[in-house]
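Work through the following exercises with the structure open beside you, and try each task before you read its solution.

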Amino acid sequence: MDAAFGGKSAAATGVAGQRCGLVAIVGRPNVGKSTLLNALVGQKVSITSRKAQTTRHRITGIRTEGDAQFVFVDTPGFQTKHSTALNRNLNRTVQGVLSDVDVVLFLVEAGRFGLDDAKVLALLPQDKPVLLIANKLDAVHRRNDMLPWLKSMQERRNFAEFVPLSARKDADVKRLVDIVKPYLPEQAWFYEEDALTDRSDRFLAAELIREKLFRLTGDELPYSCTVVIDKFEEEGKLRRIAATIVVERDAHKGMVIGDKGEVLKRIGSEARQELERLMDAKVFLELWVKVRSGWADSEEHLRSYGYE
């Protein structure tokens, strides 16, 4: 898995005609950015859930096809409602990504454009090509309704391309790849051909545990909880992982543990099974839950928990 997931950060040997570039995927929270990234890469590298603000970090996914290497960057959704240290950190992450990339995919729901979408659009760079990606097209029942919506979107910005799609349809994802390719600069690839992400197994383990946490606790648990990997040991085809779920209140701890520990057991079981599939190894996973009041509004805690 290290070869497939880590690759090598050094650029591959340059070949005439190669294209390679950074492609940011941006949009309001919960619009489908992580789902699209996973579909583009063909492998889960970013977690998904119905809960908004799931993605916390800059997640890089890599797709190499023909002479082109696409380095997709999934970003946290711009946070516009609360000014905690965590949200300020997430917004800095998004803005830092936008300053580096070659092309921007601005993701919205097909036929919808709200205040949160408008706030994201206003922050996009004027000197980069921005493609309007209308996701969840399969949820639009009357395609004719899209025409006035598209006209209104074109009045908001001169988008380089308009791409309606469903991130869950392989044909739509392939079409998007073909549309993005000409926007990549002609240069040597950044990663080896078989690389899928620049994130480590340790990082992916924390993310997958957090995904199961959000999915199995539903809307009752606030999003201000995180996962810290305390131990990650490799012993041949065995991975020993110990992790702590950090929450802000005792009541949240009770939600995560559940009656007789059932919720925590299920989080651990589902995370372990998916980690075994991803890592092609046996996984021994231990989970604990700790209360750290106010961690999401503490710059010191954020840095200690791995936030950039």
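A residue is called buried when its relative accessible area is under 20%, exposed when that area is over 50%, and partly exposed in between, as found with a 1.4 Å probe on protein chains only. Helices (H or I, at least four residues) and strands (E, at least two) are DSSP runs, numbered from the N terminus. This is a predicted model, in which local features need pLDDT of at least 70 and side-chain atom pairs count only at pLDDT 80 or more, while totals for chains, interfaces and linings use all residues. Residues are numbered from 1 along each chain as its sequence is written, and side-chain values use heavy atoms, with hydrogens and water left out.

**Exercise 1. Find the buried residues of helix α5 (residues 146-156), and decide how they are arranged around the axis.**

Solution. Begin with the list: Met146, Trp149, Leu150 and Met153 are the buried residues of α5. Next, look down the axis of α5, where these residues fall within an arc of 100 degrees, so they line one face of the helix; the arc is that of the directions from the helix axis to the C-beta atoms. Then turn to the face away from the buried side, which carries the exposed residues Leu147, Pro148, Lys151 and Glu155. Finally, ask what the buried residues pack against: they meet β4 (103-109), β5 (130-135) and β6 (161-164), where contact means heavy atoms within 4.5 Å.

**Exercise 2. Carry out the analysis for helix α4 (residues 115-123).**

Solution. In α4, the residues Asp117, Val120 and Leu121 are buried. They cover an arc of only 100 degrees around the axis, which puts them on the same side of α4. The face turned away from that buried side carries the exposed residues Leu115 and Ala122. The cover over the buried residues of α4 includes β4 and α5.

**Exercise 3. Describe how α2 (residues 33-41) packs with α6 (residues 170-180).**

Solution. Two packed helices are described by the angle between their axes and the distance between the axes. The axes are lines fitted to C-alpha atoms, for helices over the stretch in contact, and angles run from 0 to 180 degrees between N-to-C directions. For α2 and α6, the axes come within 10 Å and cross at roughly 80 degrees. The two helices are therefore roughly perpendicular to each other, given that angles under 35 degrees count as roughly parallel, over 145 as roughly antiparallel, 65 to 115 as roughly perpendicular and the rest as oblique. At the contact, Leu36, Ala39 and Leu40 in α2 meet Val173, Leu176 and Val177 in α6.

**Exercise 4. Decide how the axes of α7 (residues 201-217) and α9 (residues 262-279) are oriented.**

Solution. The axes of α7 and α9 come within 9 Å and cross at roughly 140 degrees, and the helices are therefore oblique to each other. Among the residues of α7 that meet α9 are Leu208, Lys212 and Leu216, while those on the α9 side include Ile267, Glu270 and Leu278.

**Exercise 5. Is Lys282 buried or exposed, and with which residues is Lys282 in contact?**

Solution. Lys282 is found in strand β9 (residues 282-291), and Lys282 is exposed, with a relative accessible area of 52%. Leaving aside neighbours within four places in sequence, Lys282 is in contact with Lys237, Leu238, Arg239 and Glu276. Although Lys282 and Lys237 are 45 residues apart along the chain, their C-alpha atoms are separated by 6.1 Å.
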